[in-house]
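Have the sequence and the 3D view ready, and we'll go through it piece by piece.

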Protein chains: 2
Amino acid sequence: MNGKTKNTRPVGIFDSGVGGLTVLRALRERLPFENFVYLGDTARLPYGTKSAGSILRYARQAARHLQQRDIKLLVIACNTASAVALEELQEELQPLPVIGVVQPGARAAVEARRAGRHLVLATEATVSLRAYGDAIRAIDREASVQELACEMLVALAEEGWTTGAIAEAIVRHYLQPFLSGDVSLRAETIILGCTHFPILRDAIRAVAGDAMSIVDSAGTTALAVEQLLHSAGLLRTGPDSGKLELLATDGARRFARVGGTFLGSNLSPDDVRLVDL
Amino acid sequence: MNGKTKNTRPVGIFDSGVGGLTVLRALRERLPFENFVYLGDTARLPYGTKSAGSILRYARQAARHLQQRDIKLLVIACNTASAVALEELQEELQPLPVIGVVQPGARAAVEARRAGRHLVLATEATVSLRAYGDAIRAIDREASVQELACEMLVALAEEGWTTGAIAEAIVRHYLQPFLSGDVSLRAETIILGCTHFPILRDAIRAVAGDAMSIVDSAGTTALAVEQLLHSAGLLRTGPDSGKLELLATDGARRFARVGGTFLGSNLSPDDVRLVDL
């Protein structure tokens, strides 16, 4: 295989559904010449309330499907699947490089505030594994981390109720305990520890105030992917802009409708191919 | 097989998760001597936002699992699965009798108000099949039926946010267009067309007012099951009270925690056995 062929192989991305499209968007902005193939496991979403055993099984099936499509790197663009399955998939799929979104998200938080008091908004499964707490303290021992399961935020994002009184009331319900009381205990950064949450940034900002640092994994994940591709000599630098293939395990129409918001561009059901895992 | 053995065989009930426990509760109240086996497909919930093809496949797997447990009757205690899969399962599983929750729910609505203006709150999949509209007009040609997809109500019920300002704001968001404007167009009955919704009854009542008829499928489904068992000579009438077996495809702990609210009694994870479909 020559260098050119190797470099045109696509970057594979998978998520439980459409939330990972926020990561895909950042990847395409940073790496406009790369080809991408995105797989959303919409037949079994959400992952965040399911057991670690089921999440690992689903993640493994999705990863193997993408591996068969000759990807050159795999991004697990779902915090829950990253928290549960990253290490297993890195080992099982080698030499294919595998990147999750938890470590990049932790890095973004520590860059935003050293020795900070971080509040992680995530799914039940991510919180129960303390994935962000471990990842942050591994690079900043003086940080303090609180992790909060926010399933209603997933529902808000999925339904597109991203602004307005109801969205803010739900955000306030979750955040209030971390914004009031003793100043020395209040959260200083909010980590959007679920790829659904970046589209709720305005509502979170409205509740948390202008001084709050709000970080997500998308940008730092794209940077990590770029660095890894570069160091492996797999970066595609041109000449034509990259292609995008969208796969889902169920519901092309809903994927297109909801996914357009996350990707930041309109999608039609014809843009989405259904596959069976 | 003698009559006694036939009658002690359990009634099988399946749902995408825990919502169907509201139907199980009504069944146990009406039929205290029956044995029940309940299967919640928690590994793949929710069904309501998935495609008809996936829902049919999941429902078929759940039904076959229960059939292998020698059930004497199957209740599809999920409106979405009833809307999508009832006829197929009735045909495929014969001579096993199969009952869904949509027809009983339609009957409850028509009993509450003849020639009424009904508003059905349901999932996307149930609404897209117009399941309640067809079922109601089949027994009351003068009824008018509007069907509304309310995915945020599913999330509220799953998270246990069943009362309070946020629950009422979300309910109001959905109901407002059907409660205001020309009196001759306002809804006269609200049909809880998803087995998750009965636990939101107080919030719906608070928004819709005391004059609104609010109906669900649980009671009329239990009545239909009793009639069918009686006419088939399969009714168990004693002497000892019936047993209950709870099965789920994922997450016994979450099933117990969330399911207790729906069943109206405390559950422990040890009460739930995990099965693989």
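What follows is a walk from the pairing of the chains down to single residues.

## Two chains, one axis

First things first: this is a predicted model.

## Where the chains touch

How many residues does the contact take from chain B and from chain A? It takes 19 from chain B and 19 from chain A. On the chain B side, the elements giving two or more residues are α8 (151-159) and α9 (165-179), and α9(B) gives the most, with five residues. Sorted by class, this side of chain B has eight nonpolar, five polar and six charged residues.

Both copies use the same surface here: 100% of the contact residues of chain B recur in chain A.

## Two domains in chain A

Now zoom in on chain A. Its domain assignment gives domain 1, made of 3-100 + 219-274, and domain 2, covering 103-216. Their C-alpha centres lie 23 Å apart. The contact between them takes 26 residues from domain 1 of chain A and 22 residues from domain 2 of chain A.

Which elements of domain 1 give two or more residues to the side that touches domain 2 of chain A? They are α2 (21-30), α3 (52-68), α4 (79-93), α11 (218-231) and α12 (252-263) of chain A. By class, that side of domain 1 of chain A has twelve nonpolar, twelve polar and two charged residues.

## The nonpolar core

The largest nonpolar core has 180 residues, and I76(A), L121(A), I76(B) and L121(B) touch the most other members. Take L121(B) as an example.

Helix α2 (residues 21-30) of chain B is mostly covered, with seven of its ten residues buried. Those seven are L21(B), T22(B), V23(B), L24(B), A26(B), L27(B) and R28(B). The cover includes strands β1 (11-15), β2 (36-40) and β3 (73-76), along with helices α11 (218-231) and α12 (252-263), again of chain B.

Over in chain A, helix α7 (residues 131-139) has A131(A), Y132(A), A135(A) and I136(A) buried. Seen down the axis of α7(A), the buried residues fall within an arc of 115°, so they line one face of the helix. Behind this is a simple rule: an α-helix has 3.6 residues a turn, so residues three or four places apart point the same way. The buried residues of α7(A) pack against α4, α5 (102-112), β5 (117-122), α6 (124-128), β6 (144-149) and β7 (189-192) of chain A.

## One loop residue

Last stop: D140(A), in the loop between α7 and β6 of chain A. Is D140(A) buried or exposed? D140(A) counts as buried, because it has 20 C-beta neighbours inside 10 Å. Leaving aside neighbours within four places in sequence, D140(A) is in contact with V110(A), R114(A) and A115(A). L39(A), on the other hand, is 101 residues from D140(A) in sequence and 33 Å from it in space, C-alpha to C-alpha.

Definitions and conventions
Residues are numbered from 1 along each chain as its sequence is written. Chains are lettered from A and ligands numbered from 1 in the order in which they are written. This is a predicted model: local features need pLDDT of at least 70, side-chain atom pairs count only at pLDDT 80 or more; totals for chains, interfaces and linings use all residues. Domain bounds come from an automatic or database domain assignment. Two residues are in contact if their C-beta atoms, placed from the backbone, lie within 7 Å. Helices (H or I, at least four residues) and strands (E, at least two) are DSSP runs, numbered from the N terminus. Ala, Val, Leu, Ile, Met, Phe, Trp, Tyr, Cys and Pro count as nonpolar, Asp, Glu, Lys and Arg as charged, and the others, Gly among them, as polar. A nonpolar core is a set of buried Ala, Val, Leu, Ile, Met, Phe, Trp, Tyr and Cys residues joined through C-beta atoms within 7 Å. A residue is buried if 20 or more other C-beta atoms lie within 10 Å of its own, exposed if 12 or fewer, and partly exposed in between; C-beta atoms are placed from the backbone. The arc is that of the directions from the helix axis to the C-beta atoms.
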